[in-house]
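Please look over the structure below. The report that follows covers its interfaces, its ligand site and its backbone.

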Amino acid sequence: MSAITLKDIRKSYDDGPQVLHGVSMDIGDGEFIVIVGPSGCGKSTLLRLLAGLDPCKEGELLIDGRRANDLPPQDRDIAMIFQNYALYPHMTVLENIAFGLELRKVPKIERIARARDVAETLQLTPYLDRKPGALSGGQRQRVAMGRAMARNSSTFLMDEPLSNLDNSLRVAMRTEIKDLHRQLGATIVYVTHDQTEALSLADRVAVMKDGHLQQFDTPDVIYDQPANRFVAGFLGAPAMNFVSAEQLGGWDAPLDVEIGFRPEALTLHHARPAQPAIEARVALTEMTGSAFILHCDSPGGRMCAVVPRGEALPVEGDQIWLALEPSQALCFDPVTGVRLDMPQTSPDQCRAVLARGAA
Amino acid sequence: MKPENPLLALLALTAGVLFLSPVLYSIWMSFQTADAYYTGKLDFTLSNYEMAIGQYNFARYLLNSVIVSGLVTIVGLAVATMAAFAFARYRFPGGNLMFGAVVATLMIPSHITLIPNYLTLANAGLLDTYAGLILPAISNGFAAFFLRQYIRGIPRALDEAAYMDGATPLQVLWRVIVPIAKPAILSMGLYIFITEWNNYIWPLVAVGREDLYTLQIGLARLYRIDPGEGVINWPLVMAASTITILPVLLGFIFVERHLVRGIMMGAVK
Ligand SMILES: Nc1ncnc2c1ncn2[C@@H]1O[C@H](COP(=O)(O)OP(=O)(O)OP(=O)(O)O)[C@@H](O)[C@H]1O
Ligand SMILES: [Mg+2]
């Protein structure tokens, strides 16, 4: 068990610009934290600082309340799962799993028993004597997992552990990881750029962009009350729609705020409805299985709506209206992108807030 | 394995015969008496070997060569592997300069360092000792350079995984890097061993005592020993040559099997 605290962590590589610009986080004991963000935003860098693989010179890193900036990796009681697994190619699966125990001088009989136990949990028993080269991607992934689990570390760091797997395996492994977290009770810091993974796994999600922490909160809050336009647009598929207020027909709101709404918040109308609605032309329909995604061209640009199956579908080129329940709209400052807080009760209040935001 | 292309098989066979025939001929010659050889009669005798070992002390030379080449290989590989690991994985002040210096040694012919080395060892009082034969050869710039390139090709994530597993740098080197780089290390070992085994000029300079002669020195001396009628005793020379090449041949056959296995292991990743 361990709690981790990051205080204003900064990092620049020797010959490059600054990569982390003051990241602060409090990670509770046993929490499942997912770090998301676009490629190059510094997720791996942050993880490597936690692991002790790169020196942490600026800011403070506390593990269980003790300063850990200068602690070498082997003294941190942290296990790490690498993006490409980094299995030792010259060792068998069993040796791979037991290696960490061997280095910690666990007696041979004990470490083999322990490694077999772990392999059993991960359904690796038939492959114990194989080298990693003779395993499938999913099996390698489980060996990497087993190597981390064998040592009973209090903290696991995982850098995009599922990114090399095909989709069905990824979904299966996602549940396995979640189960494992429940069984082990360990603290997990998990890096991904897959937002579905982030929302489905995390107790709390940390969204990063360009080395800045954008928001750090539960998936519900991240999804419903994103801190800014970036977080709103990054999480959720299809992505949130943004239009400037003046383009929203039927909504006589003050101008100069940007309004964001999720594709699920739109309802389809074939004629102009009474509530605020956007006039649009269907450009493309896409079937996802349980629903259809409509891609429409509106005065505010390309926009997506999700329509449950069974509703009458417009065909490409049709003129439609997409109605928006004002309580489901979010307002953003068009310049800074910060979300403007608004009590989500009535359209009247929304209008009032919009007025305030514009002022 | 069956030959896929008969033409290639024929080519390989021809090359094999071409390479092997002088070796086989000299081995055959080593079993002839001098008389039989010069008169063209056929004969079989072990007397040349008896003479090489009994009269000319070749057993001792063989032992010396094994000791010198063996130690040069083992110590040289250890030094080169550790240097290669440091150059491949660590950044330290002066590191690039040092690596440049190592590479630069590759361009200096050994004849240029011959006299400075001789003077250094003479000052240290190491002429006419095993240490004098071994020490100058254990730092091998080419081996360090070659292994560094190989180690750079091993993903650093493997080192990092081992550090996370609790390894010290030496454990990373010994338990992760060395096993993975085994094919390269073995090839280098073979190269160092053969080079040292065939080394003639340095043992000639560094050693005057007959009981420290290596095979190459002993072999060369046979040319200078007049067998009586002012002709070289070729069957004796061939017997001594056979003693000289046999260990290398056996060693190669042994290591080669490991090499193939190592290369195959490295290919699966
Ligand atoms: N060793 C290094 N030296 C210099 N710059 C680096 C180094 N490693 C990473 N960077 C830079 O730091 C930035 C952040 O990299 P990082 O690997 O943390 O991104 P990431 O969020 O993990 O991206 P991805 O999702 O693609 O893995 C990038 O701009 C990258 O170019
Ligand atoms: Mg990364």
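## Chain A against chain B

A salt bridge joins the side chains of B:E160 and A:R48, with nitrogen and oxygen 2.7 Å apart. The model is predicted. In total, the rule finds four salt bridges across the interface of chain A and chain B. Nine residue pairs are in polar contact between these chains, with both partners at pLDDT 80 or more.

Together the two chains bury about 2,000 Å². Carbon and sulfur atoms give 61% of that area.

## Two domains in chain A

Chain A splits into domain 1, spanning 4–233, and domain 2, spanning 239–358. Nine residues of domain 1 of chain A and 11 residues of domain 2 of chain A make up the contact. The centres of the two domains, taken over C-alpha atoms, are 38 Å apart.

The area buried between domain 1 of chain A and domain 2 of chain A is about 890 Å². Of this, 49% is on carbon and sulfur atoms.

One salt bridge crosses the interface of domain 1 of chain A and domain 2 of chain A. A:R229 and A:E258 form a salt bridge through their side chains, at 2.8 Å from N to O.

Two helices of chain A, α7 (219–224) and α8 (229–234), each supply at least two residues of the domain 1 side. With three residues, α8(A) gives the most to that side. The classes there are four nonpolar, three polar and two charged residues.

## The ligand site

Which residues surround ligand 1? They are A:Y13, A:V19, A:S39, A:G40, A:C41, A:G42, A:K43, A:S44, A:T45, A:E160 and A:H193.

A polar side-chain atom of A:S44 is 2.6 Å from an oxygen atom of ligand 1. For A:K43, the distance from a polar side-chain atom to a ligand 1 oxygen is 2.7 Å. For A:E160, a polar side-chain atom lies 3.2 Å from an oxygen atom of ligand 1.

## Backbone exceptions

Most residues other than glycine have a negative phi, and most peptide bonds are trans. The peptide bond from A:A237 to A:P238 is cis, with omega near -5°. A:P238 sits in the loop between α8 and β11 (241–244) of chain A.

The other place is A:Q123. A:Q123 is not a glycine, yet its phi is positive, at about 55°. A:Q123 belongs to the loop between α3 (108–121) and α4 of chain A.

Note on methods
Residues are numbered from 1 along each chain as its sequence is written. Chains are lettered from A and ligands numbered from 1 in the order in which they are written. This is a predicted model: local features need pLDDT of at least 70, side-chain atom pairs count only at pLDDT 80 or more; totals for chains, interfaces and linings use all residues. Side-chain values use heavy atoms; hydrogens and water are left out. Domain bounds come from an automatic or database domain assignment. Contact means heavy atoms within 4.5 Å. Buried area is the accessible area (1.4 Å probe) that two parts lose on being put together, summed over both. Helices (H or I, at least four residues) and strands (E, at least two) are DSSP runs, numbered from the N terminus. Ala, Val, Leu, Ile, Met, Phe, Trp, Tyr, Cys and Pro count as nonpolar, Asp, Glu, Lys and Arg as charged, and the others, Gly among them, as polar. A polar contact is a pair of N or O atoms within 3.5 Å; within protein, one must be able to donate a hydrogen and the other to accept it, and residues adjacent in sequence count only if both atoms are side-chain atoms. A residue is near a molecule or strand if one of its heavy atoms lies within 4 Å of it.
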